[in-house]
Amino acid sequence: MSDLSVCRDILADLVAFPTVSSESNLPVIAYIADRLADVGARVEIFTDETGTKANLFASLGPEVSGGLMLSGHTDVVPVDAQMWTSDPFELVERGGRFYGRGTCDMKGFIACCLARREMLAEAAQEKPIHFAFTHDEEVGCIGAQALVAHLKDREVRPGLAIVGEPTLMQVIEGHKGCCEYTVTFTGRSGHSSAPDAGVNAVEYAARYITRLMELRDGLIERTPVGSRYDPPYATLNVGGLEGGMSHNVIAPRAVLKWETRPVVAEDLGYVKREIADYCRTRLLPEMRRHTPEAGIETEVIGEAAALFPKNANSARDLAFALTGESRADVVPFGTEAGFFRKSAWMLSSAVPARSIKPTSPTNSSVPNSLASAWPCSTGSRSIGYERRRRYRGADRTGPSGADPRHHPRAHLHAGLSARRAAF
Ligand SMILES: [Zn+2]
């Protein structure tokens, strides 16, 4: 059986696990664990407090620091209300491309890792090769944060990481953060003819939004010198507002969803500090003047750390050596790499890969997500992946909204540990 056939069969198995973030990923983790154990990997599985999600960390080679970690997430975004032309959880090959949810983001990468596991075991004789496959990346890198918490006190640490996110086959050395919040405004209901008798939650939410828009302008003014991003400044988006009951009823409750993508850590600190000050000094005192129980509660859906480009980056240099590229780029979407570096768990820096997955987030979350049918090489490079064919453009069969800056997120699973924030 050819390398491509082996890889395709594994990818078909992986796609068949419907690992939408709201569902358990335990079966796919067990599948991956079995295959890595086959080649002698030391496999550890860390289950979350709900018992329905797990991270996998596995190692080949000597138990020493250094070496390479291959990183990916096992969850996928939902398929609800999308116009698929085939079963999204059945791999379909058409015109030399594979279609199915997660083929691109990012089961294709995991399939390649598993397809070449024997070669990787061989390559790990002197330096270790690790695998980190996580849960709930799509809802705020929750799994990666938990994995780092489990491993950060260990003396043996990976040297660098390649994160197999879709990057249009480019070496990526930096990305913005992605921080998402849901804010609930609680007021007091009443008849609209007596506005002073109630507290209108929708109106306070609107004032909160207005302040966010001012802060968005402030982020543009704070554009870091030399920023390579497009756009070069941190962005802020109000994604949704729900609340109220009827034309003539004072709205007792409103729920606001917003996110920001900081270029540097100071951007996030600025937004959080300013909006918290505004709530504390303006909105809350007014809301509670006659209604002490009124309030504003912020739920942190996820705070994916940015990966700031560095001059010295051995992960980037390894990607150059493996691919022959000499230029690295930055992207506006987040990955788990930011957490690995931010935690100081990695000895060196991490970089999203010029990966084995030759498409981009542009099509990763739309119906009919695809991965090109790439040649799996048998090359002699140290981790064995040779240059892939250039991505030739995705079929735009999905709806608009495929811009990675608008990457849709699955709804937070009820059992996940969303955090309450003070701001
Ligand atoms: Zn991804």
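Helices (H or I, at least four residues) and strands (E, at least two) are DSSP runs, numbered from the N terminus. This is a predicted model, in which local features need pLDDT of at least 70 and side-chain atom pairs count only at pLDDT 80 or more, while totals for chains, interfaces and linings use all residues. Residues are numbered from 1 along each chain as its sequence is written.

**Figure 1. The whole chain.** The chain holds 10 helices and 18 strands. Of its 423 residues, 49% count as buried (20 or more other C-beta atoms lie within 10 Å of the residue's own; exposed means 12 or fewer, partly exposed in between; C-beta atoms are placed from the backbone). Among contacts between residues at least 6 apart in sequence, 81% join residues at least 24 apart; two residues are in contact if their C-beta atoms, placed from the backbone, lie within 7 Å.

Figure 2. The bond from Asp230 to Pro231 is cis, with omega near 0 degrees. Pro231 sits in the loop between helix 6 and strand 11 (235–243).

Figure 3. Helix 3 covers residues 103–115 and includes Thr103. Thr103 counts as buried because it has 30 C-beta neighbours inside 10 Å. From Thr103 to Phe89 the C-alpha to C-alpha distance is 9.7 Å, and the two are 14 residues apart in sequence. Asp105 and Met106 are joined by a cis peptide bond with omega of about -10 degrees, and Met106 is found in helix 3. Most residues other than glycine have a negative phi, and most peptide bonds are trans.

Figure 4. Asp136 lies in the loop between strand 6 and helix 5 (142–151). Its phi is near 55 degrees, a positive value in a residue other than glycine. Asp136 counts as buried, since it has 28 C-beta neighbours inside 10 Å. Cys141 is found in the loop between strand 6 and helix 5, and has a positive phi of about 55 degrees although it is not a glycine. With 25 other C-beta atoms within 10 Å, Cys141 is buried.

Figure 5. Strand 2 (residues 54–60) has 7 of its 7 residues buried, so it is largely enclosed by the rest of the structure. In a regular strand the side chains alternate between the two faces of the sheet. Ala54, Leu56, Ala58 and Leu60 point one way from strand 2, and Asn55, Phe57 and Ser59 the other way. Strand 2 pairs in the antiparallel sense with strand 1 (residues 42–47) over 6 bridges; two strands pair if DSSP finds at least two bridges between them. Arg42 has Ser59 of strand 2 as its bridge partner. The two strands form a hairpin with 6 residues between them, and Gly51 in the turn has a positive phi of about 75 degrees. Strand 2 also pairs with strand 6 (residues 129–134), in the antiparallel sense over 5 bridges. There, the bridge partner of Phe57 is Ala132.

**Figure 6. The crossing of helix 6 and helix 7.** The axes of helix 6 (residues 201–221) and helix 7 (residues 265–287) come within 10 Å and cross at roughly 150 degrees. Axes are lines fitted to C-alpha atoms, for helices over the stretch in contact, and angles run from 0 to 180 degrees between N-to-C directions. That crossing angle makes helix 6 roughly antiparallel to helix 7 (over 145 degrees; under 35 counts as roughly parallel, 65 to 115 as roughly perpendicular and the rest as oblique). Residues making the contact include Tyr204 and Arg207 of helix 6 and Asp267 and Tyr270 of helix 7.
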